[in-house]
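Today I opened a new page in my notebook and went looking at helices. Here is what I looked up, step by step.

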Amino acid sequence: MELVIGLLSGAVGGNVAGGVLKNLNQGTLINSISGIVGGGLGGQILGMMGAGGAAAGGMDIGSILTQVAGGGVGGGVVLAIVGVVKNMMAK
């Protein structure tokens, strides 16, 4: 369940980052894919650090919020990386 939350919030985070950072926006599809990848990675990293729901042994509101935040931030970061690389390649 934690992975699904991370992936969904990553997709949202990627699209929000694309909306805020207009010069890194890659379109809805690429923003979503980048966000999903980043959300999955962000959630896994938080889980390894002991901040995810799996470490707590359950799905309480704190672990859900942690997964949403980690997925959203991870999605935004991966989108930013994809956007920078794509812009550098276009030059």
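I began with burial in α2: Asn-31, Ser-32, Ser-34, Gly-35, Gly-38, Gly-39, Gly-40, Gly-42, Gly-43 and Leu-46 are buried (under 20% relative accessible area, with exposed over 50% and partly exposed in between, using a 1.4 Å probe and protein chains only). Helices here are DSSP runs of H or I with at least four residues, numbered from the N terminus.

I noted that this is a predicted model, where local features need pLDDT of at least 70 and side-chain atom pairs count only at pLDDT 80 or more, while totals for chains, interfaces and linings use all residues. Residues are numbered from 1 along each chain, and side-chain values use heavy atoms, leaving out hydrogens and water.

What covers those buried residues? I found α1 (2-20) and α4 (61-90) included in the cover.

Next I looked at how α1 meets α2. Their axes (lines fitted to C-alpha atoms, over the stretch in contact, with angles from 0 to 180 degrees between N-to-C directions) lie 6 Å apart at an angle of about 135°. That makes α1 oblique to α2 (under 35 degrees is roughly parallel, over 145 roughly antiparallel, 65 to 115 roughly perpendicular, and the rest oblique).

I listed some partners in contact (heavy atoms within 4.5 Å): Gly-6, Gly-10 and Gly-14 are among those in α1, and Ser-32, Gly-35 and Gly-39 among those in α2.

Last, just after α2, I saw Gly-50 with a positive phi of about 90°.

Technical notes. Helix = DSSP H or I, 4+ residues; strand = E, 2+ residues; numbered from the N terminus.
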